[in-house]
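Hi,

Here is the structure for you to look over. My notes follow below it.

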Amino acid sequence: MSAPDTVPYGIPLEREHPFDPPAAVMALHRGAEMRRMRYHPNGELGWLVTSHRLARKVLADTRFSSRLGSPIQAPVPMPGFEAYADFEGDFPVTPGMFIEMDPPDHTRLRRKLTGVFTVKRMKQLEPRIAQHVDDRLDALAAGPRPADLVREFAVPVPSMMICELLGVPYERRERFEADTAAIFTLDAGAEAKGEAVNRLYAFLGELAAAKRETPTDDVLSDLAADPDLADEEVAGLAVLLLVAGHETTAKMLALGALALLEHRDQWDLLRERPELTAGAVEELLRYLSIIHTGLIRQVKADFEFEGHRLKAREYVTVSVQTANRDEAHFTEPDELDVTGDGRGHLTFGHGVHQCLGQQLARMEMRIAFSRLVARFPGLRPAVPLDEVPLVTGQNFYGVAELPVTW
Amino acid sequence: MKRIIADAEQCMSSGMCALTAPDHFDQDDEDGRVVLLAEEAEDGDGDVADAVRLCPAAALRLEPA
């Protein structure tokens, strides 16, 4: 047993190197697969799981709930939430937000969308994705150098695609971009986050009502026409798709491009052998693990797990970034190798909550990376690596800007 | 030969099987749940073994045929 003062207080987010998890988190992982951790804001005791083996086990075990509740806890500082510390019970359900639910509520809502994101449907979207990618690359080629790859490429490609799929006019992106950022910004504060969520529900609720009157060929029209879904649920499902559908992939595209540019041999390999692309995408997802704050569950009722006595309402954080660098599961996990097998990474999670949109994300990344290296073989960062601004204060890790030239 | 067992009730439509071993697995057009294209797999079929390993919902298993 550790002495109380050796129990870590949350997960450190600041990195020594842009591509590697913080050294302090890796040290925790090497020390134990699972350990006690104190949670923000009040130092409640919970758990941290860092190995690939136990991460998979926890995420597949329904005794760990996604339906979170009091006491208010987070593995990273969340300023503004202290005021809610005396709240008791489960947090109110946000309608439609099935990532915060357990089966069978989760299952009922998720199955409304699973037909949309099949491997087959994503293959049918390939030409549309390729069109968006090529349009952005054309604009990049015609524009000034250096250019910011985040703003010109990584953000618009997935954003345009999820808008098109969902049926949200991309021209109205000012209605969702800032609010999405607020939701994922760790220190935005409880009030600002709540207001952002409310505005998004209002925006997508209005849009859904219009589509119920005049349906178009898109997911929001289908959801709006479903008699089994309440209006608030339709809005919630749409909010979930919209916010999860572009922030994540955008972060991966920019950070992935930077990782390939800084491992020039890997960039060249991908350019010379496009057939490596699918594997390269899995390897980048594994190596970069943008879900740096981890995946959070809450113990439903007391039980014994891996020799630990877990108590009801204790929080458990599954550290994806250490699981993806676990030597017990991956060969040479600290190397980026696009010819290796990155499959089995936990970047999309595991268990019943595994990412709904993962096949869309894969397709977008495959097309984006393969066309980027083909169209701009001589692309290079316009600033040294230590001058690329990193985003550590959001739920998804990445770069804020990526100045490139060619 | 191995028999492929797929539990559509457990399935969460991640698509990992259809992605990994497309000769053996497909997804239902309506809800994305697993559809078997073949009942059996060769003993050394790495793709099918990978599909079973990568299924997030533990909905797939192999049994001696």
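Start with Arg380(A): its bridge partner in β12(A) is Thr405(A). Keep in mind that the model is predicted. Two bridges link β9(A) to strand β12 of chain A, residues 403–405, and the two strands run antiparallel. They belong to an open sheet of three strands in chain A. The order is β4-β12-β9, with antiparallel pairing.

Next, the core. The largest nonpolar core counts 124 residues. Leu166(A), Ala238(A), Leu242(A), Leu253(A) and Ala254(A) have the most contacts inside it. Which helix gives the most to this core? It is α10 of chain A, residues 231–262, with 18 residues.

Leu242(A) is worth a look in the viewer. Leaving out residues up to four places away in sequence, Leu242(A) touches Ile162(A), Leu166(A), Val168(A), Phe176(A) and Leu204(A).

Now the whole chain. Chain A has 14 helices and twelve strands. Its C-alpha trace spans about 60 × 55 × 35 Å along the principal axes. The radius of gyration is 21 Å, which agrees with a compact globule, because 406 residues would give a value near 22 Å in that case. Of the 406 residues, 45% count as buried. Take the contacts between residues at least 6 apart in sequence: 73% of them join residues at least 24 apart.

Best wishes

Terms used
Residues are numbered from 1 along each chain as its sequence is written. Chains are lettered from A and ligands numbered from 1 in the order in which they are written. This is a predicted model: local features need pLDDT of at least 70, side-chain atom pairs count only at pLDDT 80 or more; totals for chains, interfaces and linings use all residues. Helices (H or I, at least four residues) and strands (E, at least two) are DSSP runs, numbered from the N terminus. The radius of gyration is taken over C-alpha atoms; the globule rule is 2.2 Å times the number of residues to the power 0.38. A residue is buried if 20 or more other C-beta atoms lie within 10 Å of its own, exposed if 12 or fewer, and partly exposed in between; C-beta atoms are placed from the backbone. Two residues are in contact if their C-beta atoms, placed from the backbone, lie within 7 Å. Two strands pair if DSSP finds at least two bridges between them. A nonpolar core is a set of buried Ala, Val, Leu, Ile, Met, Phe, Trp, Tyr and Cys residues joined through C-beta atoms within 7 Å.
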